[in-house]
Amino acid sequence: MCGIVGYLGNKKACPILVNGLKKLEYRGYDSAGICVLEKNTLAVKKDKGRVKNLETLDGINSLEGTLGIAHTRWATHGKPSKDNAHPHMDNSKTFAVVHNGIIENFKELREFLGNNNYKFYSETDSEVIPNLIHYYYSKGNNFIKSVNLACKDLKGSYALEIICKNEPDTLIVTRKDSPLVIGTSENGTYISSDIPALIAYTNNFCFLNDTELALITKNNIEFFDCNLNSINKEFSNVELSAESCDKGNFEDYMLKEIYEQPNSIRETIGNTLNGEKIVFDTLQLSKKYLSTIKQIYIVACGTAMHAGLGVKPNFEKFCNIPVCVDIASEFRYRNPLIDENTLCIYISQSGETADTIAALKLAKSKGAKTIAVTNVIESSITREADYFVYTHAGPEIAVASTKAYTSQLVLLNIMALYFAEILETISKEEINKLKKEILLLSKKVDEILKNTDKIKRLAKQIYNKRDVFFIGRGLDHTVALESALKLKEISYIHSEAYAAGELKHGPIALIEKNVPVISIVTNPDLADKTISNIQEVITRGATSIVITNQNINESNFDFVYKIPETLEYYTPIISVIPLQILAYYVTKEKGLDVDKPRNLAKSVTVE
Ligand code: M6R
């Protein structure tokens, strides 16, 4: 939930570190700091607030050093404050450390270090790390050995960058269960939690596995395993453009990402539908194996979980296998019934979500095969799963997930057809009809994006409301859930989603005059039922807003937005678009920061 950046090379470190932090702010943005080695001292500049505050700190622009580390924080232990901001130093100010992750045994380590006369100046779990390294260093171990011994004492997750004032040309990095990537160019070595922060400098990257260490010097990088045995690691080219990581001409990342959807959907489809049969480069399953599957679990958090809900009936219908969608943080603690006849699919845009990864490990330990669906190349989940498939939606930077969601829906729908094709559970003609429709989706999304004025006007009408309700039936209910999450997480308006038929079982008590109720109506078989439910809230004074592809009598409602038609299975990919746009413009009307809503971070690496 934090972002880290590091640099050692022939350029001034400070601007590279600050630029990198700006790109990582989506990971956390309550405080930020850097440490640059200046002659033989470690110069630390840090404070609470955003990275732009860091840039105004006294003396930051006169830092000349070419070795440095940096951090942007999402507070877990200790409130956002200057003392709790990273980098942290040991008592002797020999080591500076930035840390992304959580040290679960920090209390024991504090006590141990306290008994050895170390003092603590922050409330963080991270401050034990530089002191522990110093403890081992003071016993005569060299820099890397001290880091290695300290890491062996840590329980929990970490991505660490460490510099030492006595080692002017050395940066050590290591990781466990938190992401870290190393990039190189002729100007030096760059470290980050994520590729987009480095793409302006290099395309050449190497990813550390859990507990591996890299010893970076001016002209060399050496890699070690957790026992300090030397290991070889490959660097490879990652095809990502600097533009794909920038806002471009858009005011916010979220708006850019909403508008990227026609293209991201095309990228997700990629070559999968080109041949006679569906092909995934990284997923090949046999009929023999799939025929043994009695149960599919789809497990994820937040928006990714909503994508799971949005494909469950399609998997069941096309593959004739029962599907259970679960929240990762519930699944992992409830001892689910899993065996080798269960297939578990995990969805995570970031590929770093702690609960999702833990849920995946649980299923593996019970003998099930696991498939990870993720957007981030080489993310942790790809290393844990038996198979992974990339959504290829491109970097999603805004905290509110938009293009990742539609790409997850598209990819999982293709996966459902892939299974059905192998299992021969639906006819060739039906599969071809479904494939053809998937290829039309991006054009239909584009049509909506060219027609947003009405939604902007609606945003002006509802931005000052206290509550907004979303209702729908079947797949429309899953879009209601996603749309309510989108609105609440960025506009802070209380929004709830209900299955339309459930309103009368309690929630309708909340409906009063002028409360907006947004209904999604796309299924012809269920439309009349939902319209009756809308009538019930109109009778109680609600403002009725309808998103539909059906021919309804528009004069019966306060606001109707028509969306393009598609097959019933794919409606969530279309109907969510106006509701993403609505959440965006409501938030703009309120003057809030769309990309960085309060209390949130993009990548949720805490449990
Ligand atoms: O990276 P993941 O897909 O695993 O993230 C899961 C959720 O944290 C994420 O979808 C979250 O709900 C978003 N803020 C929603 O917009």
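In this predicted model, a polar side-chain atom of E489 lies 2.4 Å from an oxygen atom of the ligand, a polar contact being a pair of N or O atoms within 3.5 Å, where a pair within protein must also join an atom able to donate a hydrogen to one able to accept it, and residues adjacent in sequence count only if both atoms are side-chain atoms. E489 is also listed, with S348, Q349, S350 and T353, as coming nearest among the 15 residues around the ligand, where a residue is near a molecule if one of its heavy atoms lies within 4 Å of it.

| Residue and its atom | Ligand atom and distance |
|---|---|
| E489, polar side-chain atom | oxygen, 2.4 Å |
| S350, polar side-chain atom | oxygen, 2.7 Å |
| V399, backbone N or O atom | nitrogen, 3.2 Å |

Residues are numbered from 1 along each chain as its sequence is written. Local features need pLDDT of at least 70, and side-chain atom pairs count only at pLDDT 80 or more, while totals for chains, interfaces and linings use all residues, and side-chain values use heavy atoms, with hydrogens and water left out.

Helices (DSSP runs of H or I, at least four residues) and strands (runs of E, at least two) are numbered from the N terminus. The axes of helix 3 (residues 106–115) and helix 4 (residues 128–138) come within 10 Å and cross at roughly 45 degrees, the axes being lines fitted to C-alpha atoms over the stretch in contact and the angles running from 0 to 180 degrees between N-to-C directions. Helix 3 and helix 4 are therefore oblique to each other, since angles under 35 degrees count as roughly parallel, over 145 as roughly antiparallel, 65 to 115 as roughly perpendicular and the rest as oblique. On the side of helix 3 the contact (heavy atoms within 4.5 Å) is made by F106, L109, R110, F112 and L113, and on the side of helix 4 by V128, N131, L132 and Y135.

Helix 4 also packs with helix 5 (residues 143–153), at an angle of about 125 degrees and with their axes 8 Å apart, which makes helix 4 oblique to helix 5. Here helix 4 contributes L132, I133, Y136 and Y137, whereas helix 5 contributes F143, S146, V147, L149, A150 and D153.

Two backbone features lie in loops. The peptide bond from H86 to P87 is cis, with omega near 0 degrees, and P87 sits between strand 4 (67–73) and strand 5 (88–89). N320, a residue other than glycine, has a positive phi near 60 degrees, and its loop runs between helix 10 (312–319) and strand 17 (323–327).
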